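Please look over the structure first.

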Amino acid sequence: MQTVILDQQQLNSHYGLLTVASPQLASAQPGQWAMLHHGLGNDPFLRSRAWIIATNRSSTATLALDLHDPLLATIARMPKASELDVLGPLGRPLSSDGQKATLLIAEGNAIYSMLFYAQRISETGAPVLLLASASDELRVPPFVLPAEIEYLATSDDVLDLLESSGKLDSPLVWANRLLAAGSIDLANRLSQRIRRERYAWQQGFASFIVDQAYPCGIGMCGACWQNTRQQPKLLCSHGPALDLRELS
Ligand code: FES
């Protein structure tokens with residue numbers, strides 16, 4: 001599918017934003033991504049993943065570009081009005097139904113996988129608390145986030161922020177819904193905290209996006225197998241989000 005570049009914006013030394021004209025991508029839901037190809041080489045399979053972080057629901061979509069990915073860095077230098085070959089939206093959408101108090105926990109650049117979700121949840125009027133870890137220069141600037149959400153960031157362990165939200169209850173008790181993104185180590189430590197702090201861990205309470213590259217993004221290459229309690233799953237086909245209890 002051909003799209004047209006409308007705008008580019010650098011967020012920090014590692015990430016940029018790309019806005020394209022595309023009714024198809026504008027229909028994307030939170031949790032989805034697109035596979036981009038700059039059209040300059042001969043290999044149509046050489047694509048890189050970019051998380052969709054916003055749409056206007058009718059004609060445009062904004063994606064986050066990892067500038068350390070050579071292909072995406074090339075796209076970030078393409079001028080406005082250039083054509084861009086895009087596959088997507090891909091991935092199973094995350095449900096943002098219901099006005100539930102929502103806790104988001106992001107480790108490093110995995111935050112880009114949940115920005116669209118944060119936007120849609122805040123549009124429902126539900127309270128959202130976002131805890132994120134990143135060094136100062138790689139932190140997502142607040143203007144990218146909905147103004148309504150509470151956003152705390154640290155350059156240390158993101159789970160340390162569970163102690164500093166200012167809420168009367170622990171955020172893990174306050175929340176009716178949790179989405180986290182990051183390493184398997186974070187998934188394991190978060191599971192331990194939930195089991196320790198919550199009276200009950202209901203089915204569907206906590207989802208987790210494993211921060212991993214998707215070389216093909218369409219279930220073909222087998223590079224994104226993830227062990228779970230039942231059987232291994234392809235993250236790009238079954239995810240991006242899996243139930244946290246499946247992982248740890
Ligand atoms: S990224 Fe290729 S199978 Fe998932």
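Leaving aside residues up to four places away in sequence, Asn188 touches Leu247 and Ser248; contact means heavy atoms within 4.5 Å. Asn188 sits in helix H5 (residues 184–197). Helices (H or I, at least four residues) and strands (E, at least two) are DSSP runs, numbered from the N terminus. Asn188 counts as partly exposed because its relative accessibility is 31%. Buried means under 20% relative accessible area, exposed over 50%, and partly exposed in between (1.4 Å probe, protein chains only).

The model is predicted: local features need pLDDT of at least 70, side-chain atom pairs count only at pLDDT 80 or more, and totals for chains, interfaces and linings use all residues. Residues are numbered from 1 along each chain as its sequence is written, and side-chain values use heavy atoms, with hydrogens and water left out.

**Cysteines**

Asn188 and Cys236 are 48 residues apart in sequence and 21 Å apart in space, C-alpha to C-alpha. Cys236 counts as buried because its relative accessibility is 7%. Cys221, at 41%, therefore counts as partly exposed. The whole structure has zero disulfides, a disulfide being a pair of cysteine sulfur atoms within 2.5 Å.

**Strand pairing**

Two strands pair if DSSP finds at least two bridges between them. Strand S1 (residues 2–10) runs antiparallel to strand S6 (residues 83–90), with three bridges. Val4 has Glu83 in S6 as its bridge partner. Strand S3 (residues 33–37) is also antiparallel to S6, joined by four bridges. Here Met35 is partnered by Leu87 of S6.

**Pockets**

On a 1 Å grid over the protein atoms alone, a pocket is an open set of points where a 1.4 Å probe fits, with protein on both sides within 12 Å along at least five of seven lines; lining residues have an atom within 4 Å of a point. Grid points are joined across faces, edges and corners, and a volume is the space filled by probe spheres set on the points.

| Largest | about 370 Å³ | Arg177, Leu178, Gly204, Phe205, Ser207 |

Strands S10 (177–182) and S14 (241–243) each give two or more residues to the lining of the largest pocket. In the second largest pocket, S4 gives the largest share of the lining, four residues.
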